[in-house]
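Here are my notes on the model, as numbered points. Please read them with the coordinates open.

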Amino acid sequence: MTELYDIRDDRFRALLQMNVALTRLSSGHMWTEGPVWVPAHQCLYFSDIPNQRIHRWTPDGSVTVLRESSGFANGNTLDRQGRLLTCQHGTRSLTRTDHDGTIETLADSFEGKPLNSPNDVVVKRDGTVWFTDPTYGIMGNYEGNRATPEQDGRHVFRYDPETRALTVVARGFAQPNGLAFSPDERVLYIAESGRSHDASVPAVVRAFDVDDDNGLGAGRDLLTLEPGLPDGLRVDVHGNLWVSSADSVQCFDNTGTLLGRILVPEVVSNLTFGGPRKTQLFITATTSVYGIHLNTESAV
Ligand code: MG
């Protein structure tokens, strides 16, 4: 099993199934991202950003196009009502797809200026929507439309669907990317992926304490990724972080100690837990989507 797992800490073994394979579920895409498990339909949605599509994979192996002209959709998640939330580079917006298929823009500007290009999104149990806004989707014409940033930074935002208020919760990132809450939602983990275009930026996941008013503390570097840089991440029920890196998904405990890695044949962008028991890990990696069964489950 050495070619599948790189075990750095004995605790990693307890999170794995030793008799499973990493399975390629779909291929032939350009750059896959934004995996989200949809319990109501028992299927996985994922984005292919340059092809401007959102796909739907079902456990019988079929892959269909859920949405064409997706606006260079990137990160996806579900809100508390099971509606799809999508970060769209092309429209520089966060959208919500209602159960009847209506697509509504939740946020596309802050203080009167367009957002950069929302990248990844997560929903807290109180219904608030948290997303990152790096510039990847406006740096060229491959994953969006080239444009000059108008925001004064690359921020992390909180959107309140009750009041429709949009608030900056974290500043100072070179390029904020994936994000996930700890199981008790007292900590928000945010990936810093700025190393993609600036070698001086550390490849870190930062941890921010969440206060009772949904504000964030100062933040601290929790872990440094090697090789590659962190893009997407998820947290399991035990509080471990599962983080995309160049050639693998890396697993860390909540103090930032590396437990081990699942080696993946293509560069990994993102991942999510899913399946009927939330014990499958779905991994978007360049042209493909992979799946593997674990002995742990999603925190959410
Ligand atoms: Mg991302």
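1. Two strands are taken to pair if DSSP finds at least two bridges between them; helices (H or I, at least four residues) and strands (E, at least two) are DSSP runs, numbered from the N terminus. On that basis strand β19 (residues 204-209) runs antiparallel to β20 and is joined to it by four bridges. V204 has T224 of β20 as its bridge partner.

2. On provenance: this is a predicted model, in which local features need pLDDT of at least 70 and side-chain atom pairs count only at pLDDT 80 or more, while totals for chains, interfaces and linings use all residues. Residues are numbered from 1 along each chain as its sequence is written, and side-chain values use heavy atoms, with hydrogens and water left out.

3. The β19/β20 pair belongs to an open, antiparallel sheet of four strands in the order β17-β18-β19-β20. Its edge strands, β17 (176-181) and β20 (220-224), each pair on one side only. Neighbouring strands here are turned by 30 degrees against each other on average, direction ignored (axes are lines fitted to C-alpha atoms, and angles run from 0 to 180 degrees between N-to-C directions).

4. Another open sheet of four strands, also antiparallel, has the order β13-β14-β15-β16. β13 and β16 (166-173) have a single partner strand each, so one side of each lacks a neighbour in the sheet. The twist averages 20 degrees from one strand to the next.

5. Which residues coordinate the magnesium ion? The donors are E33 (OE), N119 (OD1), N177 (OD1) and D231 (OD), at 2.2 to 2.8 Å. E33 lies in strand β3 (residues 32-38) and N119 in the loop between β12 (113-114) and β13 (121-123), so this pair ties together parts that are 86 residues apart in sequence. The donor cut-off is 2.8 Å from the metal for N, O and S atoms (3.2 Å for Na, K and Ca); water is not among the atoms, so the site may look incomplete.

6. E33 is buried at 1% relative accessible area, and N119 is buried at 3%. Buried means under 20%, exposed over 50%, and partly exposed in between (1.4 Å probe, protein chains only).
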